[in-house]
Amino acid sequence: MTPTKWVRIWNERLPDIPLALVQVTAAEAFGVLRDGGADAGFVRLPVDENDLSAIPLYAETTVVVVPKDHVVAAVDEVSVEDLADETMLHPLDDTLGWERPPGEPAFERPATTADAIDLVAAGIGLLVVPQSLARLHHRKDLTYRTVTDAPESRVALSWPEDATTDLVEDFIGIVRGRTVNSTRGRAKDPEEKPQQKQQPKQPPKAGRPTGRTPRSGSGGGRNAKGGARSGSGGKSGGGGKSGNGGKAGKPRRRS
């Protein structure tokens with residue numbers, strides 16, 4: 001994984017809380033989470049959901065790692081069938097989940113992907129892996145090409161289900177692209193002031209019809225300060241000049 005973008009956003013939003021990265025292999029990741037060695041981690045599916053929560057993120061491109069002078073290096077992509085005559089390495093920590101890679105199997109299975117990369121450099125065979133692993137084990141004498149129809153490795157963000165803290169929720173939000181103002185998944189701040197109650201709308205004064213409606217809502221318009229020029233002490237209601245809330249008309253002069 002290359003979580004550079006997410007780490008940068010974390011440092012911008014939470015500069016007082018350090019975010020430490022721990023690099024482990026795919027096989028070690030679940031044990032590190034269960035043992036408390038990390039609060040959350042990027043793992044490869046499937047995830048044992050009995051004690052771990054997970055959010056699927058994306059499916060990773062699958063590539064074949066070859067020497068730079070290999071014939072495969074001359075094209076942009078290959079199919080599984082194109083590798084049928086090649087000797088293929090299948091490390092014990094394979095993350096693609098297939099029982100048998102294409103091509104002819106090597107004499108023995110390397111213990112790790114890193115060991116398999118060394119064997120590719122030695123000309124023993126080729127290796128099919130997720131693209132991030134090819135980048136991780138990059139060597140100047142090797143390159144890789146996309147395999148169009150190989151199994152894909154799906155990446156997820158995972159964390160212990162019983163340790164879903166506010167900081168874990170913050171990191172989940174960053175990874176999922178939530179904005180800085182989003183409070184989804186976070187407990188409400190106990191010091192947050194309650195919103196001001198919306199004032200009831202006041203009827204328009206008699207004799208002055210209008211199509212305008214007083215603006216309402218917490219903190220906005222005249223209602224936040226007691227309504228639209230009405231209430232006790234105003235020209236309408238019990239303290240006005242007439243009982244129905246409007247001005248009394250002048251009596252007609254008798255002729």
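**Sheet, helices and pocket: a quick tour**

Let's start with one pair of residues. Thr87 has a bridge partner in strand S6, and that partner is Glu104. Before we go on, two points about what you see. This is a predicted model: local features need pLDDT of at least 70, side-chain atom pairs count only at pLDDT 80 or more, and totals for chains, interfaces and linings use all residues. Residues are numbered from 1 along each chain as its sequence is written, and side-chain values use heavy atoms, with hydrogens and water left out.

Helices (H or I, at least four residues) and strands (E, at least two) are DSSP runs, numbered from the N terminus. Two strands pair if DSSP finds at least two bridges between them.

Back to S6. S5 and S6 run parallel, joined by 2 bridges. Now the whole sheet. In what order do the 6 strands lie? The order is S4-S8-S3-S7-S5-S6. The sheet is open, and its pairing is mixed. S4 and S6 (104-105) are the edge strands, and each pairs on one side only.

S4, residues 77-78, pairs with S8 in the parallel sense over 2 bridges. Val78 has Val147 in S8 as its bridge partner. S8 also pairs with S3, in the antiparallel sense over 5 bridges. Look there for Val65, which stands opposite Tyr144 in S8.

Next, helix H3. Its buried residues include Thr113, Ala116, Ile117 and Val120. Buried means under 20% relative accessible area, exposed over 50%, partly exposed in between (1.4 Å probe, protein chains only). Why are these four on the same side of H3? Because they cover an arc of only 105° around the axis. The arc is that of the directions from the helix axis to the C-beta atoms. A reminder: an α-helix has 3.6 residues a turn, so residues three or four places apart point the same way.

What do the buried residues of H3 pack against? They meet S3 (62-67), S5 (87-89), S7 (126-130), H4 and S8 (142-147). Contact here means heavy atoms within 4.5 Å. Just after H3, Gly123 takes a positive phi of about 85°.

On to helix H1, residues 4-13. Trp6, Val7, Ile9 and Trp10 are buried there. Seen down the axis, the buried residues of H1 fall within an arc of 160°, so they line one face of the helix. The face turned away carries the exposed residues Thr4, Lys5 and Glu12. The cover over the buried residues of H1 includes S1, S2 and H5.

Stay with S2 for a moment. Ser53 lies in that strand. Ser53 is buried, with a relative accessible area of 19%. Leaving out residues up to four places away in sequence, Ser53 touches Leu157, Ser158, Trp159 and Glu161.

Last stop: the largest pocket, with a volume of about 1400 Å³. Its lining has 44 residues, and Met1, Val22, Gln23, Val24 and Phe42 are the closest to the centre. A pocket is an open set of points on a 1 Å grid over the protein atoms alone, where a 1.4 Å probe fits, with protein on both sides within 12 Å along at least five of seven lines; lining residues have an atom within 4 Å of a point. Grid points are joined across faces, edges and corners, and the volume is the space filled by probe spheres set on the points. Which element gives the largest share of the lining? H4 does, with 5 residues.
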